[in-house]
Amino acid sequence: MNLQAQFLSTPLLLPLFPPQPKFFHPKQTSFPKKSFKLCSLSAVSVPTTTTPAISNLKPLPAEVSRTIMELSCIGTLSTIAQDGWPLGVGVRFAVDAEGTPILCLAQASRLLSLDKRSTLHVQLEQCGLRTPQCTIQGRLDKPADATVLRWIGSAWKKRFGEEVDKENLYIVVVERVLQMEDFNEDGIWVTSSAYKNANPDPLRDSAEGIVNEINTNNMEDVHRFCNVYVDLDFQKLCNSSNKA
């Protein structure tokens, strides 16, 4: 404001001969030239990782069969007797590293014939409504090698904790396996190689204890899980039962 007031108060003096007006030409400003380069774009397809389906996480039929044979020790052996009739008897069995059934038959003469075809049916007894089972088709045979007899004898002792007469030891040479999830359901045939190469459930020996511990110590979590993900209203069921 002070500068502006001082400027307005200064007297204006006009010259006698005003100079010729000068015209100022605006100076041309040179701007730097930009060079544009063409570039090519290419689309690269990135592989997407897909989450495996739930059905793929289920154990294979061969693995289920191996697990059943590992957890069970009693089955039904069916053979063709000497009179030509099929005969089924209950037997105890052990298994080797490849899942081959090992039997102890004290009276094998009534079970053996020229036709060595046989089946061993085993079902897994467990808590729940389903009874998984498998039926092994093969040949009932007696190993002739003394080393093999000693080895399967040790497998028998490991499972049952008792010595056995090696003359009574037999094996079922696996040809194929029929695996069923429960009674009255369609079974799936498993080849001999798939059965031998399959691995049984690594938690087979501790699975029952884990389930019992969860049911005992984490029942509220189980109810909450069912209410949220399975849409089972346990709270209403509990309330209705208390009112009754």
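The expected span of a helix is taken here as 1.5 Å times one less than its number of residues, while helices (H or I, at least four residues) and strands (E, at least two) are DSSP runs, numbered from the N terminus. The structure is a predicted model, in which local features need pLDDT of at least 70 and side-chain atom pairs count only at pLDDT 80 or more, whereas totals for chains, interfaces and linings use all residues. Residues are numbered from 1 along each chain as its sequence is written, and side-chain values use heavy atoms, with hydrogens and water left out.

The protein chain contains 7 helices and 7 strands, which follow one another along the sequence in the pattern α-α-β-β-β-β-β-α-β-β-α-α-α-α. Of its 244 residues, 25% are buried, a term that denotes under 20% relative accessible area with a 1.4 Å probe, protein chains only. When contacts (heavy atoms within 4.5 Å) between residues at least 6 apart in sequence are considered, 65% of them join residues at least 24 apart.

Strand S6 (residues 169-180) takes part in several pairings, two strands being counted as paired if DSSP finds at least two bridges between them. Strand S5 (residues 133-141) runs antiparallel to S6 and is joined to it by 9 bridges, with Asp-141 standing opposite Ile-171 in S6. Strand S3 (residues 101-104) is likewise antiparallel to S6, through 3 bridges, and here Ile-102 is the residue that stands opposite Ile-171. A further antiparallel pairing, of 4 bridges, links S6 to strand S7 (residues 188-191), where Gln-179 faces Ile-188 across the two strands.

Helix H3 (residues 146-160) comprises 15 residues and reaches 21 Å from its first C-alpha to its last, close to the 21 Å expected at 1.5 Å a residue. Its buried residues are Leu-149, Ile-152, Gly-153, Ala-155, Trp-156 and Phe-160. These residues cover an arc of only 160° around the axis, which puts them on the same side of H3, the arc being that of the directions from the helix axis to the C-beta atoms. An α-helix has 3.6 residues a turn, so residues three or four places apart point the same way. The buried residues of H3 pack against strand S2 (86-95), S3 and S6.

After H3 comes Gly-161, which has a positive phi, near 70°.

Technical notes. Buried < 20%, exposed > 50% of the residue type's maximum accessible area, 1.4 Å probe, protein only.
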